[in-house]
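This report is for a reader who is new to the structure.

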Amino acid sequence: MNEGYASIHELAPERRLRRLELTITRRLDGLLHGQYLGLLPGAGSELAGSREYRPGEDEVRRMDWAVTARTNVPHVREVDADRELTTWLLADATPSMDFGTAEIEKRELAVAATAAVGFLTAGSGNRLGAHVLGAEAVRRFPARTGRTHLLGLLRTLLAVPREAEGAQPPALADAIAGLRRSAPRRGLVVVISDFLDGLPDTDDPEARPAWEEELRRVAVRHQVLAVEVADPRELELPDVGLITLVDPESGQRREVSTSSRKLRERYAAAAAVQRETVRRALRRSGAAHLPLRTDRDWVADIVRHVYAQRRLAMAATPKRGTA
């Protein structure tokens, strides 16, 4: 389904990165033409001048009719986002991401999503900065251009220790706040996480996670894309007898019998409330929501998301001659 990606965790780091780059170049970049503006609805709104229209490449709805009439040469409007984009990315590499029962682990899927964002937003003058939320601390990468910078970030993600004895991972809310302080200029902010940290201990899906307010503050200034990473076993338990469940953040263990239908139903119901809580919180914060699962084709899911956002952007654009 993912062109051999299921076995990527078995490869050496450099071969992993090469496999990722080939997958994105062949499938994502080929389908999307590298247009990062499709990641979220709408382009930048700060006018930066006009340039000549390029048939087959530019959209007619962006025509600058005043300049076209004055010069007798078709021109399109440019905005700041067309010339230079600064993307800030927060990648969750805490112990809860070291889990996977399907094609890949959640950590590997987060690396893939990071690579997709990086390669798709790469371009002349575009910069990528990142914060990597690990088991002990947040590692920061300044916003820079170039493939070498992106590959260095991906190597760091692959090498983040899976656990630290007695360490308490930084809170996701604090990590988002730190990212907000590091990104003063308007741009694109991408948060890649399972968003399980800071969830309220309640069965009310309207309850607000600890990170919601910080994400809302980020969305006031930036376009925000929330990439939610999940594994099917986090949503429901199979009937496989006695198993040991481990809380990856605290290390607590508990043996449960999955042969109990009532237990499996309670587990699925609680998981559904968790995911609905995350979905509603992301919507309230103003972030675009891209759910990815370890048992699905992540490339196809990203492509579907991009096309959906482009349709939203086109629908929201006033037609020429209308109010």
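## Glu206 and Arg280

In this predicted model, Glu206 and Arg280 form a salt bridge through their side chains, with an N to O distance of 2.4 Å. The two residues belong to distant parts of the chain, 74 residues apart: Glu206 sits in the loop between β6 and α7, and Arg280 in helix α8. Glu206 has a relative accessibility of 40%, so it counts as partly exposed.

Both residues belong to a network of salt bridges that also takes in Arg208, Glu212, Glu276, Arg279 and Arg284.

## Other salt bridges

The model has 23 salt bridges. One of them joins the side chains of Lys106 and Asp194 at 2.9 Å, N to O. Lys106 is in helix α4 (residues 106-121) and Asp194 is in the loop between β6 (188-193) and α7 (212-221), so this pair ties together parts that lie 88 residues apart in sequence. Lys106 and Asp194 are both buried.

Another salt bridge is made by Glu234 and Arg275, whose closest N and O atoms are 3.1 Å apart. Here too distant parts of the chain are linked, 41 residues apart: Glu234 is in the loop between β7 and β8 (242-246), while Arg275 is in helix α8. Glu234 is buried, at 13% relative accessibility, and Arg275 is buried as well, with a relative accessible area of 14%.

## The sheet and its helices

Six strands make up an open sheet with mixed pairing, in the order β5-β4-β3-β6-β7-β10. Its edge strands, β5 (138-144) and β10 (288-293), each pair on one side only. From one strand to the next, the twist averages 15°.

Strand β7 (residues 223-230) runs parallel to β10, and 6 bridges join the two. Within this pairing, Ala230 has Arg293 in β10 as its bridge partner. Helix α5 (residues 147-159) packs on the sheet and touches β3, β4 (127-133) and β5, its direction making about 170° with that of β5. Helix α8 (residues 261-285) also packs on the sheet, where it touches β7 and β10; its direction makes about 170° with that of β7.

## Asp92, a buried charge

Which strand holds Asp92? It is β3, which covers residues 86-92. Asp92 is buried but has no salt bridge, and the nearest side chain of opposite charge, that of Arg107, is 7.4 Å away.

The side chain of Asp92 does make polar contacts: with the side chain of Thr94 at 2.6 Å, and with the side chain of Ser193 at 2.8 Å. Beyond its neighbours within four places in sequence, Asp92 is in contact with residues including Met97, Leu133 and Asp194. Asp194 is the partner of Lys106 in the salt bridge described above.

Conventions. Residues numbered from 1 in each chain as written. Predicted model: local features only at pLDDT ≥ 70, side-chain atom pairs only at ≥ 80, totals over all residues. Heavy atoms only, no water. Helix = DSSP H or I, 4+ residues; strand = E, 2+ residues; numbered from the N terminus. Buried < 20%, exposed > 50% of the residue type's maximum accessible area, 1.4 Å probe, protein only. Lys, Arg positive; Asp, Glu negative; His and termini not counted. Salt bridge = Lys/Arg side-chain N within 4 Å of Asp/Glu carboxyl O. Polar contact = N/O pair within 3.5 Å; in protein donor to acceptor, adjacent residues only side chain to side chain. Contact = heavy atoms within 4.5 Å. Pairing = 2+ DSSP bridges. Axes fitted to C-alpha atoms, helices over the stretch in contact; angles between N-to-C directions.
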